[in-house]
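Work through the exercises below with the sequence and the 3D structure at hand. Try each task before reading its solution.

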Amino acid sequence: MASVCLQLLAFALAFCGVSGVLAATLLPNWMVNLDTGSNVITAIVQLQGLWMDCTCYSTGMFSCTLKFSVLSLPAHVQAARATMILACVLAASGICTATVGMQCIRLGGDRESKSHAAFAGGLCLMTAGISGLIPTVWYTKEIIANFLDLTVPESNKHEPGGAVYIGFIAALLLLISGTIFCTFCLKKDPEAWLPPPKQQHPPAAKPEGSSAYNLKDYV
């Protein structure tokens, strides 16, 4: 019963991780810049994401511009695109494979085949978590370095947006769920760790009539 609960917990964490990675990939608020100018009424919020840049005005207008050119993007944005897409693919494949290996699912064949499927799904989830951590950490590092650079004007300085935090938390959830699946598959039954019981040889049965024909009777 405990193993089934652990697998259900890992599945719930993996589902939240997949949803978070997908949402972080599509959201445009990886970098946020609030430009109030000389008047709060003219405040402008600039959002920069992996696929589009958006601008929100104080009047309620909202406009976005897609990033069609890939070569013109910085290196950390290009790497973030590739790794986040890889994380989405691996996370989706991992959760599908791990679902087949769950004990509460009647698919996957015998227990050994289901264990292999759950282990493979756990590896995919762990790899997806690592792929999701790389762009979030790198993006945050670039934002902080740009923010602390004294040569950069205040209007060009940004802060980490909500998509970075969502991607980071989702990557951690994928790592935890993948670790649970892999650890559960490597864990053997408790009886398998115990030493085999000593075989007690049964006492040799005395031949019938031995009490009647004792050797002392012949002396």
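**Exercise 1. Find how β2 is connected and paired to β3.**

Solution. This is a predicted model. Step two is the direction: β2 (residues 44-48) and β3 run antiparallel, with five bridges between them. Gln 46 faces Thr 55 of β3, and Gln 48 faces Asp 53 of β3.

**Exercise 2. Locate the salt bridge and state which parts of the chain it links.**

Solution. The cut-off for a salt bridge is a nitrogen to oxygen distance within 4 Å. A search of the whole structure gives one such bridge. Its partners are Asp 53 and Lys 67, at 3.2 Å from N to O. Now place both residues: Asp 53 belongs to strand β3, and Lys 67 sits in the loop between β4 and α2. The two are 14 residues apart, and the pair links distant parts of the chain.

**Exercise 3. Characterise the second largest pocket by its volume and its lining.**

Solution. The idea behind the search is that rolling a probe the size of a water molecule over the atoms shows where empty space is left. For the second largest pocket, the space is about 170 Å³. The lining of this pocket consists of 15 residues. Nearest its centre lie Met 31, Gln 48, Pro 74, His 76 and Val 77. Then assign the lining to elements: α2 (75-100) and α3 (111-148) are those that give two or more residues. The most comes from α3, with four residues. Finally, sort the lining by class: six residues are nonpolar, six are polar and three are charged.

**Exercise 4. Identify the residues of the nonpolar surface patch and the helix that gives the most to it.**

Solution. First list the members: Val 137, Phe 168, Ile 169 and Leu 172 make a nonpolar surface patch of about 340 Å². Then find the main contributor: helix α4 (residues 162-186) gives the most, with three residues. Ile 169 is located in α4.

Definitions and conventions:
Residues numbered from 1 in each chain as written. Predicted model: local features only at pLDDT ≥ 70, side-chain atom pairs only at ≥ 80, totals over all residues. Heavy atoms only, no water. 1 Å grid on protein atoms, 1.4 Å probe; cavity = no way out; pocket = protein on both sides within 12 Å on 5 of 7 lines; lining within 4 Å. Points joined across faces, edges and corners; volume = space filled by probe spheres on them. Nonpolar A, V, L, I, M, F, W, Y, C, P; charged D, E, K, R; others polar. Patch = residues over 30% accessible without salt bridge, like charges linked within 9 Å, V, L, I, M, F, W, Y side chains within 5 Å. Areas by Shrake-Rupley, 256 points an atom, 1.4 Å probe, with all protein chains shown as cover. Salt bridge = Lys/Arg side-chain N within 4 Å of Asp/Glu carboxyl O. Pairing = 2+ DSSP bridges.
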